[in-house]
Amino acid sequence: MNPNAMMIKHTLIYAAALAMLSALSACNSGTATVQPPLDQAPLAGADIGGAFELTSSTGETVRWSDFAGKYRIVYFGFAYCPDICPTDMNRLARGLAEYEKAQPELAKTIQPMFITVDPERDTPEVLAEFTSAFSDNIIGLTGTPDQIRQAADTFKVFYARGEDQPGGGYLMDHTNILYLFGPSGDPLATLPADQGPEAVAAELAKWVR
């Protein structure tokens, strides 16, 4: 098995293990959330996000404007990531599932997307396999190196190829932030995946309305 195939297999096994743990630990506090005014959102007025043209995991052209009227969650990462990206995606998927239990109609207005920073390896097929390990609702997006660079710059995301690994393959250094945007495409907040899925659900409950 080539190094890249071994890395993606490891990532998917890791994702499956996280999913099993989430099934054992899922809970819903049922606590009411106070919703601050949107102009008090942490990222209100920030110059983050904007137009892009990328390719979905089904091979279709996708533009930022396609999601007008929806809340959008944007994360930049790569499918061959051995731990951080699958952990963040797992917590996002679990947080979304928890939020959906409390607000099923509002949950339909949220579109999560995973944009690769590794277009050399993350083909539409690879992204489809990766995102489906967490949720069928997460859209995987790739593109040419120039398209990915432009999108990353627009969303204020850093990334760089790391050194080659001894057994072959390589990792990517990158910003790992879950951005939440409103229906008009304006940035609202970051989702605290590092604090777990319950914190993700709670942050969604603050701003989605």
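These notebook entries record what I looked up in a predicted model.

**Ground rules.** I number residues from 1 along each chain as its sequence is written, and side-chain values use heavy atoms, without hydrogens and water. In this predicted model, local features need pLDDT of at least 70 and side-chain atom pairs count only at pLDDT 80 or more, while totals for chains, interfaces and linings use all residues.

**Sheet.** I traced an open sheet of seven strands in the order E2-E1-E5-E4-E3-E8-E9, with mixed pairing. Helices (H or I, at least four residues) and strands (E, at least two) are DSSP runs, numbered from the N terminus. E2 (61–63) and E9 (187–191) are the edge strands, each pairing on one side only. Two strands pair if DSSP finds at least two bridges between them. E4 (residues 110–116) and E5 (residues 139–142) pair in the parallel sense over three bridges. I found Phe114 opposite Gly140 in E5.

**Thr131.** I located Thr131 in helix H4 (residues 124–132). Is Thr131 buried or exposed? Thr131 has 4% relative accessibility and counts as buried (under 20% relative accessible area; exposed is over 50%, partly exposed in between, with a 1.4 Å probe and protein chains only). Leaving out residues up to four places away in sequence, I noted that Thr131 touches Phe114, Ile138 and Gly140; contact means heavy atoms within 4.5 Å.

**Helices H2 and H6.** I saw that H2 (residues 84–102) and H6 (residues 197–207) pack at an angle of about 55°, with their axes 7 Å apart. Axes are lines fitted to C-alpha atoms, for helices over the stretch in contact, and angles run from 0 to 180 degrees between N-to-C directions. Among the residues that meet are Leu92 in H2 and Leu204 in H6.
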